Amino acid sequence: MEQILSNIKIQINERLYVKDPETSTLGKKIIQESILLIDSIGFEEFTFKKLGEKIGSNESSIYRYFENKHKLLVYLSSWYWSWIEYRLVFAISNYSDSWEKLKKAVSIVAEKVEDDQKTLHINESILNKIIIAEFTKTFHTKEVDQENKEGFYFIYIRIINRLTTIIKEVNPDYLYAKSLASSIVEGALHQHFLKDHMQSITDCSLIISPTDFYFNLIENVLKK
């Protein structure tokens, strides 16, 4: 699986960038350093001017790749969910048992991510931290309906639909498969955030992971 994943080029909606950052050294540097900078100072404080200073380039060179920082964040999120989707698809491909397939899928979307050494300019572990902290900001905007029509969140939605399909395989009579699937994907991020910042309102800890919680949830909710 690792060899197959290393040869896959992740496809991102072309509306998210002016120039594909994967096509140049500078573009890859923008992606690499934007991840590190957003993780360091947060998305609110992040600007193209600060990123330009970080990479030793002027602000205008970044605008040649991205129209604004919102689209850059959506790009990073789309890359992350594409990477998660590839891992999910290959991970469940050998499972015939629906329960085991669902548990594996849940573990992929809910687990804490380790860096993939094959993607040298993207640290998935740090990107995961950004997704946990900042992902909802990509669609909690006034433009969400139009951006959704343009396919900005297509990959994220596709992951939820894949999870929905597996849930229906486990229990075709369960009426809320989509709501459960979206709650798992979004809720896992929220539980990771609470575990790291508001431990008084979550049971997740160094011992109990969000994956453990969602395993328990699906086993109780989907029992026939």
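This dialogue covers confidence and salt bridges in a predicted model.

Colleague: What pLDDT does the protein average?

Modeller: The average is 94, and 96% of the residues score at least 70. Residues 1–6 stay under 50, and for them the model has nine contacts beyond four places in sequence.

Colleague: How many salt bridges does the structure hold?

Modeller: Side chains of opposite charge can pair when their charged atoms come close. The structure holds 13 salt bridges. One of them joins the side chains of Asp39 and Lys129, at 3.4 Å from N to O. That pair links distant parts of the chain, since Asp39 lies in helix α2 (residues 25–41) and Lys129 in helix α7 (residues 124–134), 90 residues apart.

Colleague: Which accessible areas go with Asp39 and Lys129?

Modeller: Asp39 has a relative accessible area of 29%, and Lys129 has 40%.

Colleague: Which residue forms a salt bridge with Lys50?

Modeller: The partner is Glu45, with the closest N and O atoms 3.8 Å apart. Lys50 is partly exposed at 34% relative accessibility, and Glu45 is partly exposed at 46%.

Colleague: Where in the chain are Lys103 and Glu219?

Modeller: Lys103 and Glu219 form a salt bridge, their closest N and O atoms being 3.9 Å apart. The pair links distant parts of the chain: Lys103 is in helix α6 (residues 98–110) and Glu219 in helix α11 (residues 210–221), 116 residues apart. Lys103 is partly exposed at 24%, as is Glu219 at 33%. Elsewhere, salt bridges with shared partners join Glu44, Glu134 and Lys137 into one network.

Technical notes:
Residues are numbered from 1 along each chain as its sequence is written. This is a predicted model: local features need pLDDT of at least 70, side-chain atom pairs count only at pLDDT 80 or more; totals for chains, interfaces and linings use all residues. Side-chain values use heavy atoms; hydrogens and water are left out. pLDDT is the predictor's confidence in each residue, from 0 to 100. Contact means heavy atoms within 4.5 Å. A salt bridge is a side-chain nitrogen of Lys or Arg within 4 Å of a carboxyl oxygen of Asp or Glu. Helices (H or I, at least four residues) and strands (E, at least two) are DSSP runs, numbered from the N terminus. Buried means under 20% relative accessible area, exposed over 50%, partly exposed in between (1.4 Å probe, protein chains only).
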